[in-house]
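The sequence and structure are shown first.

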Amino acid sequence: MARSTPGRSSGDSTPARISTADTAPSTDWYATAGGGDGLPLALLVLAALDGDPVRLASVAGTARAAGDAEIEVLALDALAHVRAERGDHAGARAALAGRPSPGGPRRAALAAMAAARHLLADGDRVDRDPALSRL
């Protein structure tokens, strides 16, 4: 998600790029409409596109508190990806596998995935492999 290329435009083989400007209106709409199921995903996408580790950790924590394991896993994977890109390998490992990291999330994606396995396939975790490849 941090470097999302979700699809291809019609007749074009170049992956489409999503920007913050593309996702901000949906986040605003969900917030104005009172939240709902779409707001956590919109907040996750926006934080991942911005590459903001503080907001990604916040999204993961909020999702965990709400029992939303799917968003928690995706946020932790995106957090790991951002941390790995910035050279914070210990922080990336902590987000993925639960190894201790100062200021790291309370639960790692590996543990959260146990609660989300019925919602997410490994292929849905688009930030996990890029994070792992940098470690």
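## Overall fold

The protein chain has seven helices and zero strands, in the order α-α-α-α-α-α-α along the sequence. Helices (H or I, at least four residues) and strands (E, at least two) are DSSP runs, numbered from the N terminus. The model is predicted: local features need pLDDT of at least 70, side-chain atom pairs count only at pLDDT 80 or more, and totals for chains, interfaces and linings use all residues. Residues are numbered from 1 along each chain as its sequence is written, and side-chain values use heavy atoms, with hydrogens and water left out.

Of the 135 residues in the protein chain, 37% are buried (under 20% relative accessible area, with a 1.4 Å probe and protein chains only). The chain exposes about 7,300 Å², of which carbon and sulfur atoms supply 53%; the areas come from the Shrake-Rupley method with a 1.4 Å probe. Among contacts (heavy atoms within 4.5 Å) between residues at least 6 apart in sequence, 51% join residues at least 24 apart.

## Helices α3 and α4

Helix α3 (residues 53-66) packs against helix α4 (residues 69-85) at an angle of about 160 degrees, and their axes are 8 Å apart. The two are therefore roughly antiparallel (an angle over 145 degrees). Axes are lines fitted to C-alpha atoms, for helices over the stretch in contact, and angles run from 0 to 180 degrees between N-to-C directions. The crossing of α3 and α4 is left-handed, which is to say that the near helix is turned anticlockwise from the far one by less than a right angle.

From α3, the contact uses P53, L56, A57, V59, A60, A63 and R64; from α4, it uses I71, E72, A75, L76, A78, L79 and V82. By class, these are twelve nonpolar, no polar and two charged residues. Ala, Val, Leu, Ile, Met, Phe, Trp, Tyr, Cys and Pro count as nonpolar, Asp, Glu, Lys and Arg as charged, and the others, Gly among them, as polar.

## Helices α4 and α6

α4 also packs with α6, at an angle of about 155 degrees with the axes 8 Å apart. This pair is therefore roughly antiparallel, and its crossing is left-handed.

A69, E70, E72, V73, L76 and D77 of α4 meet A109, A112, M113, A115 and A116 of α6. The contact has eight nonpolar, no polar and three charged residues.

## Residue R125

R125 lies in the loop between α6 (109-116) and α7 (128-133). R125 is buried, with a relative accessible area of 7%. Leaving aside neighbours within four places in sequence, R125 is in contact with V73, L74, D77, A109 and M113.

Terms used:
Angles under 35 degrees count as roughly parallel, over 145 as roughly antiparallel, 65 to 115 as roughly perpendicular and the rest as oblique. Buried means under 20% relative accessible area, exposed over 50%, partly exposed in between (1.4 Å probe, protein chains only).
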